[in-house]
Amino acid sequence: KNQTKLIMQAQNELVKKEKLSTIGELTARISHDLRNPLSAIQLSMQNMEMLIDNKRDPKIEEYIPVINNALSRINHQINQVLGFVKTTSLDMKLVSISKILQESIANANIPENITVILPENDFSLLASKIQLEAAFSNILSNSIDAIGKNIGSIIIRARTEGNRLVLEFEDSGTGISKENMDKIFEPLFTTKQQGTGLGLASVKSIVEAHKGTISVKSPPTIFTITLPQDPNTNSHITP
């Protein structure tokens, strides 16, 4: 009994050390990733103050996009971490997939070199609007990074299979290597120089909280999300 107790204590200590190590690595990544946008905000504010103090034309409109972009990056990082570590009850309501996708596209800040093609039809779903928006925004951000500055596209498809809604996100990016395919949903795994490595892990967590599944194949890279629908509603909405 004593030996079993000692083994269990040792295992618990090991789990604690692993958690502390994960928290330490995550903290280091967040600190590093937030430093650049915070510096951009600070520098922009200093320039604005200097122009105003010297009674020169401040041209504040030049600095507003820089600040907004930096704030967007900070919010994205924070939302990724919260989406992964925060466990909250889902506010399930009947929602329009088209509206959620449109909000997700707005949140993802799609650059001009990328065209997004939306599904022709709309579908209803019993889900948490905020959580799905966060999940879809993360997938879109992943596609944007994969395409980079090349001219590219993101095609989103939606269909029903029985009582389940199937969503596909296909991008024209560089694709995912075979060795990374099994790791991309793991917490802290990332191939980017910047990033928490929690984006796709939080997507998986949100999808599974909705009792759904997510998978990926490449090339071309296609993320497939399958979600159960509310059995008491009409699944198809006429566009």
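**A buried aromatic pair and a nonpolar surface patch**

F169 is buried, with a relative accessible area of 0%, where buried denotes under 20% relative accessible area, exposed over 50%, and partly exposed the range in between (1.4 Å probe, protein chains only). The model is a predicted one, in which local features need pLDDT of at least 70 and side-chain atom pairs count only at pLDDT 80 or more, while totals for chains, interfaces and linings use all residues. Residues are numbered from 1 along each chain as its sequence is written, and side-chain values use heavy atoms, with hydrogens and water left out.

The structure holds one aromatic pair, a pair being defined by rings of Phe, Tyr or Trp (its six-membered ring) whose centres lie within 6.5 Å, with planes under 30 degrees apart counted as stacked, over 60 as edge-to-face and the rest as tilted. The pair is formed by F136 and F169, whose ring centres are 5.4 Å apart and whose planes meet at 45°, so the arrangement is tilted. Because F136 belongs to helix 4 (residues 129–147) and F169 to strand 5 (residues 164–171), the pair ties together parts that are 33 residues apart in sequence; helices (H or I, at least four residues) and strands (E, at least two) are DSSP runs, numbered from the N terminus. F136 is also buried, at a relative accessible area of 1%.

Helix 4 itself is mostly covered, with 15 of its 19 residues buried. The expected span of a helix is 1.5 Å times one less than its number of residues, and for the 19 residues of helix 4 this gives 27 Å, in agreement with the 27 Å that separates its end C-alpha atoms. Just after helix 4, G148 adopts a positive phi of about 65°.

At the surface, M92, L94 and L126 form a nonpolar patch with about 240 Å² of accessible area together. Patches are made of residues with over 30% relative accessible area and no salt bridge, like charges being joined within 9 Å and nonpolar side chains (Val, Leu, Ile, Met, Phe, Trp, Tyr) within 5 Å; a salt bridge is a side-chain nitrogen of Lys or Arg within 4 Å of a carboxyl oxygen of Asp or Glu. L126 is placed in strand 3 (residues 122–127) and, at 32% relative accessibility, counts as partly exposed.

The protein chain as a whole contains six helices and eight strands, and buried residues make up 38% of its 239 residues. Among its contacts (heavy atoms within 4.5 Å) with a separation of 6 or more, 73% involve residues 24 or more positions apart.

Key
Areas by Shrake-Rupley, 256 points an atom, 1.4 Å probe, with all protein chains shown as cover.
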